[in-house]
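Walk through this model one piece at a time.

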Amino acid sequence: MAILEVNHIEKHFGNTRVLRNVSFSLEEGSALAIIGSSGSGKTTLLRCLNFLETPERGTITVRGERLFDASLPAGEREKDLRRKRLHFGMVFQSFHLFPQYTALENVTLAKRLLEQERPDFKQRRREICEEIDNQGRQLLKRMGLSDRSGYYPHQLSGGQQQRVAIARALALKPDILCFDEPTSALDPELTGEVLKVIRGLAEQNTTMIIVTHEMAFARDVADQIIFMDEGVIVEQGAPHQVIDHPVQERTRQFLARYKNEGNG
């Protein structure tokens, strides 16, 4: 059963059509990798899914609930945006950790703010906060960072910061975890530790959308791959089909150029 259905999404910036009639679905527990050149619309698509951008056309449905419908009036579309965003966890290229908070505080901050809206929060504050902290520590342990919970971002390597960001995204238990080029800001020697964590999430059947330039990783981890070019889905299918036996000439050109650049 599809956990996510995206239909006919279009996004314009001025006169530039960044996304054009983008449609796809995602099965629960599966990983989707999105590949393509810079400027092909991959990041904009993620931002639309996370309600950081508003498409001019299309619908977004999660677990049968239509979260976005461009045909509705703006006021109706913008209702409960924060609740809608909770369906998606976002891991950005550049970590976006709060420098004044420790690793544990970065992981637990959003959950603390959310729980403050509970009617019994004041009465059970200590108990609730202890539970949130314990959950945060478990997530950091899962990321291999149990000994770094009290460290501030400037005391962590890039790879460690990105793993804290992944733990933070998981803290609110999203339906779908989104990664926007999660290793692009890392030195090559730190890339492997982040990819290892994402591979582990895939083995645990975490539903994920991964925008990546790591072709070998995409082929190994994803259940489905989408190749985008100039805002259009040019080709989609199983990894071995799209990467090893692409049907479309534009896909073949991209992969050939990518291989040549990788060998350069």
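L26 touches A2, I3, L4, L32, I176, T207, M208 and I209, leaving aside residues up to four places away in sequence. Contact here means heavy atoms within 4.5 Å. This is a predicted model, where local features need pLDDT of at least 70, side-chain atom pairs count only at pLDDT 80 or more, and totals for chains, interfaces and linings use all residues. Residues are numbered from 1 along each chain as its sequence is written, and side-chain values use heavy atoms, with hydrogens and water left out.

L26 sits in strand β2 (residues 16–27). Strands (E, at least two residues) and helices (H or I, at least four) are DSSP runs, numbered from the N terminus. Is L26 buried or exposed? L26 is buried, at a relative accessible area of 1%. The classes are buried under 20% relative accessible area, exposed over 50%, and partly exposed in between, with a 1.4 Å probe and protein chains only. Go twelve residues along the chain from L26 to G14, and the two C-alpha atoms are separated by 30 Å.

Now the sheet. Six strands form an open sheet with mixed pairing, in the order β6-β7-β8-β3-β9-β10. Two strands pair if DSSP finds at least two bridges between them. The edges are β6 (88–91) and β10 (232–237), each pairing on one side only. On average, neighbouring strands of this sheet are turned by 20° against each other, direction ignored. Axes are lines fitted to C-alpha atoms, for helices over the stretch in contact; angles run from 0 to 180 degrees between N-to-C directions.

β6 pairs with strand β7 (residues 176–180) in the parallel sense, over four bridges. V91 has F179 in β7 as its bridge partner. Helix α6 (residues 158–171) packs on the sheet and touches β6 and β7. The direction of α6 makes about 170° with that of β6.

Next comes helix α7 (residues 188–203). It lies across β7 and β8 (208–211), running at about 150° to β8. How far apart are the end C-alpha atoms of α7? They are 23 Å apart, which agrees with the 22 Å that its 16 residues should span at 1.5 Å a residue. The expected span is 1.5 Å times one less than the number of residues. Buried residues in α7 include L190, V194, I198 and L201. Their cover includes α5 (121–142), α6, β7, β8 and α8 (215–221). After α7 comes N205, with a positive phi near 60°.

Last, the charges. Side chains of opposite charge can pair when their charged atoms come close. The whole structure holds 22 salt bridges. Each is a side-chain nitrogen of Lys or Arg within 4 Å of a carboxyl oxygen of Asp or Glu. One of them joins R83 and E65 at 3.1 Å, N to O. This pair links distant parts of the chain: R83 is in helix α3 (residues 81–85), E65 is in strand β5 (residues 65–69), and they are 18 residues apart. R83 is partly exposed at 35% relative accessibility, and E65 is partly exposed at 31%.

D69 and R66 form a salt bridge at 3.5 Å, N to O. D69 counts as buried, at 15%. R124 and D120 meet at 3.1 Å, N to O. Salt bridges that share partners join K111, E115, R118, D120, R124 and E127 into one network.
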